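Hi everyone, thanks for coming. Let's have a look at the structure on the screen together, and please keep it open while I talk.

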Amino acid sequence: MLSNLEQQPADALLALIKLHGDDPRADKIDLGVGVYRTGQGGTPVFGAIKAAEQKLIDTQTSKSYLGPEGDMGFVHALMPYIFGAENPTIDGRIEGMQAPGGTGAVRLAVALAKRAGVARIWMGLPSWPNHAQILGDLGVELKSFTHATKAGLTDMDALRVAIGLAQPADAIMLHGCCHNPTGIDYTPAQWDEIAQLVADAQLLPIIDLAYQGLGHGMEADAYGLRTVLAAVPEALIAYSCDKNFGMYRDRVGAIYVMAPDGEVLRRVLSNGCALARAAWSMPPDHGGAAVRLILEDPALTALWLDELDTMRRRVNQVRARLAERGRAGTIDLVPLGHQNGLFSVLPLSPEQILKLRADHGIYMAGSGRINIAGLTAGNIDKFVADLATVSA
Ligand code: LMR
């Protein structure tokens, strides 16, 4: 039977990690997979995480099973940051479960939507490539619209047309902030309109919030999510701590359900638990426990928020530096200055992207997406010069 399987290509984004690692050139630049890098190019463990991990080692008395919902202390501790400190459960209508990273949360959200009868999900493209893979794997139809215009603005007309065509049993996938891959986010005024459009069309929103704190800060980055939740009766939220706590390989995420009432909420979560049990039984504990220990301790929370601020400031400094350069060959770098989060997309052809890799040791996704955090004072000049060479 097994020989019936066809060879699959490696995941294009994750394959870049190995390709870059194998490149012997000293001046190579990794702008591929989305991890934060310091000005020295490293991705260190947060100080707050190190302290929490030590605390975990010192105090954890058992590694016995928890259950398919994982560490509910972790799930609840995040809620004031995501949904607002005033009313984090939105009157008891929100509850969550831990999930293996943002990917596990998105997968569970889509699987739940499908179980509830959603057959089609609307999504702006380009998007994080794994969104489409998860939809395809779960057999949910992707209905696409254009996320951004050529001028680098969100394409509100395309979104309005898409929502106009959508039917009440459809869902819509929205990036809460720091759009991956474009870095082009909806403005608060646009979120206000989107919330109303989604509510009027009776669509189920699935909001993927994977970069909270890396755009304009923890509160500002939740504006879109909170605005949509205030307008609709129900929603699914996929949350990742992999970036804003730097937990990448530890796979730390959560899925939250907002339901019209507590009775529906319990039923949805029972389905979430059943799906989780069949998929991964329960999420890995370590990272979620470390995040919980941070959020239960005011001093560690302050340290974490400070480290997150430092990350955001550095990413925005690199963006400002790129914008100051103006152009690299035919490429206008100015818009990168006002985009958000780790990513932006450069208008490069596949040949130009391969040439940057082969001739200059610069690694980026095949979409032209660059990880802004991969640029440092030590490599930004080379990057801009090489970009100018290939795009001249
Ligand atoms: C990315 O887009 O680079 C990250 O979200 C990592 C991943 O899992 O793709």
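Before we start, one term: two strands count as paired if DSSP finds at least two bridges between them. Keep in mind, too, that this is a predicted model.

With that, find strand 7, residues 235–240. Strand 7 pairs with strand 8, residues 252–258, in the antiparallel sense, and six bridges link the two. One place to look is leucine 236, which sits opposite valine 257 in strand 8.

Now for the other neighbour. Strand 6, residues 204–209, runs parallel to strand 7 and is joined to it by four bridges. Here leucine 236 of strand 7 has isoleucine 206 opposite it. How does the chain get from strand 6 to strand 7? It passes through helix 8, residues 223–231, in a right-handed β-α-β crossover.

Is strand 7 mostly covered or mostly open? Mostly covered: six of its six residues are buried. Ala235, Ile237 and Tyr239 point one way, while Leu236, Ala238 and Ser240 point the other way, and all of them are buried.

Let's move on to a pair of helices. Helix 2, residues 47–59, packs against helix 11, residues 298–325, with the axes 8 Å apart and an angle of about 150 degrees. Angles over 145 degrees count as roughly antiparallel, so helix 2 is roughly antiparallel to helix 11. Where they meet, helix 2 brings Gly47, Ala48, Ala51 and Ala52, and helix 11 brings Leu300, Leu303, Trp304 and Glu307. Sorted by type, the residues of this contact are six nonpolar, one polar and one charged.

Conventions: Residues are numbered from 1 along each chain as its sequence is written. This is a predicted model: local features need pLDDT of at least 70, side-chain atom pairs count only at pLDDT 80 or more; totals for chains, interfaces and linings use all residues. Side-chain values use heavy atoms; hydrogens and water are left out. Buried means under 20% relative accessible area, exposed over 50%, partly exposed in between (1.4 Å probe, protein chains only). A crossover is right-handed if, with the strands pointing away from the viewer, the path from the first strand over the helix to the second runs clockwise. Axes are lines fitted to C-alpha atoms, for helices over the stretch in contact, and angles run from 0 to 180 degrees between N-to-C directions. Angles under 35 degrees count as roughly parallel, over 145 as roughly antiparallel, 65 to 115 as roughly perpendicular and the rest as oblique. Contact means heavy atoms within 4.5 Å. Ala, Val, Leu, Ile, Met, Phe, Trp, Tyr, Cys and Pro count as nonpolar, Asp, Glu, Lys and Arg as charged, and the others, Gly among them, as polar.
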